[in-house]
Amino acid sequence: LFEKEFIYTDPDFVKLFTVNRLHGSLDVTDKSTVIISDKLAITYFGTSDVVGKTLTQVLGVVETRDFTVGGVYRAFAANSSFRFDLLSTYDNYFIDPSQQSVQEGDWKRWSTVFLKIDNPAAAGRMAEQLQVHRKAQNEARPDLMAKEFYLEPFEGMASRAIRQKNQGHWFNSPMPPAAVLAPFVMAGFILLVACFNFTNNAI
């Protein structure tokens, strides 16, 4: 058994973002297939060309689902906002299809939505239209009251989330700013000490 993050998404995800196909297809419309990273393929099967192989998803103590590997993509880089290894159609998220409409209307459940907006001026109007949903959100989660909804630019989102202590963005978090700056600061101090040392010896 391997515990990995399983992502359910719309087919346009692989078109909107760069997902490098290695084997098979990146089509996620088929509910019986899953696409996986080459890193995970090697972990499971010892090779990256595993199209047609079977993966079993363990959902509970006795409940499982079998998927056929439909495609293999190159694993995301370490500095990528994405870090998942399995990708399937959004409809597979709902174990009981008859409950899909109920669960989609449940404001206690969270999901991530990406919008490609060609006209930047439209972003402001869309943000205003989102405010009508505050009542439904606050009634469902009185422990997490929403003051407003807004559109967040994708670039730099994970870094801003760290500064704002926002844990609901679902992205791979970057290194803390202190961890990035500390080595440079320490190197500067070491260089300064070396300069003083050299000056002292010279005198």
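Student: Why is Lys15 called exposed?
Tutor: Lys15 has a relative accessibility of 67%, so it counts as exposed. Here is the scale: buried is under 20% relative accessible area, exposed is over 50%, and partly exposed is in between (1.4 Å probe, protein chains only).

Student: What kind of model is this?
Tutor: This is a predicted model: local features need pLDDT of at least 70, side-chain atom pairs count only at pLDDT 80 or more, and totals for chains, interfaces and linings use all residues. Residues are numbered from 1 along each chain as its sequence is written, and side-chain values use heavy atoms, with hydrogens and water left out.

Student: What makes Lys15 and Asp12 a salt bridge?
Tutor: The rule asks for a side-chain nitrogen of Lys or Arg within 4 Å of a carboxyl oxygen of Asp or Glu. Lys15 and Asp12 come to 3.8 Å, N to O. The pair therefore passes.

Student: How many salt bridges does the rule give?
Tutor: The count is 3. Among them is Arg141 with Asp143, at 2.9 Å, N to O. Asp143 is exposed, because its relative accessible area is 59%. Lys135 and Glu139 also meet in a salt bridge, at 2.5 Å, N to O.

Student: Why are Lys135 and Glu139 said to be about one helical turn apart?
Tutor: They are 4 residues apart in helix α5, so about one helical turn separates them. An α-helix has 3.6 residues a turn, so residues three or four places apart point the same way. A helix here is a DSSP run of H or I with at least four residues, a strand is a run of E with at least two, and both are numbered from the N terminus.

Student: Are Lys135 and Glu139 buried or exposed?
Tutor: Lys135 has a relative accessible area of 57%, so it is exposed. Glu139 has 54%, so it is exposed too.

Student: Why does Asn138 count as buried?
Tutor: Asn138 has 16% relative accessibility, so it falls in the buried class. Asn138 is found in helix α5, residues 134–140.

Student: Which residues does Asn138 touch?
Tutor: Asn138 touches Leu144, Met145 and Ala146, leaving out residues up to four places away in sequence. Contact means heavy atoms within 4.5 Å.

Student: Why do the buried residues of α2 line one face of the helix?
Tutor: The buried residues of α2 (38–45) are Asp38, Leu40 and Ala41. Seen down the α2 axis, they fall within an arc of 155°, so they line one face. That arc is taken from the directions from the helix axis to the C-beta atoms. The buried residues of α2 pack against β2 (21–24), β3 (33–37), β5 (64–73) and β6 (86–89).

Student: What makes β3 mostly covered?
Tutor: Of the 5 residues in β3, 5 are buried.

Student: How do you know which strands pair with β3?
Tutor: Two strands pair if DSSP finds at least two bridges between them. β3 and β5 run parallel, joined by 5 bridges. β3 and β6 run antiparallel, joined by 2 bridges. Both counts therefore meet the rule. Ile35 stands opposite Gly71 in β5, and Ile36 has Leu86 in β6 as its bridge partner.

Student: What alternates along β4?
Tutor: The side chains alternate along β4 (54–58). β4 pairs with β5 in the antiparallel sense, over 5 bridges. The two strands form a hairpin, with 5 residues between them.

Student: Why is Cys195 called partly exposed?
Tutor: Cys195 comes in at 43% relative accessibility, so it counts as partly exposed. Cys195 is found in helix α7.

Student: Which residues make the nonpolar surface patch?
Tutor: The patch holds Met175, Val180, Leu181, Phe184, Val185, Phe189, Leu192 and Phe196, with about 890 Å². Patch residues have over 30% relative accessible area and no salt bridge; like charges are joined within 9 Å, nonpolar side chains (Val, Leu, Ile, Met, Phe, Trp, Tyr) within 5 Å. Areas come from the Shrake-Rupley method with a 1.4 Å probe; for residues, only the protein chains shown count as cover. Met175 has 56% relative accessibility, so it counts as exposed.
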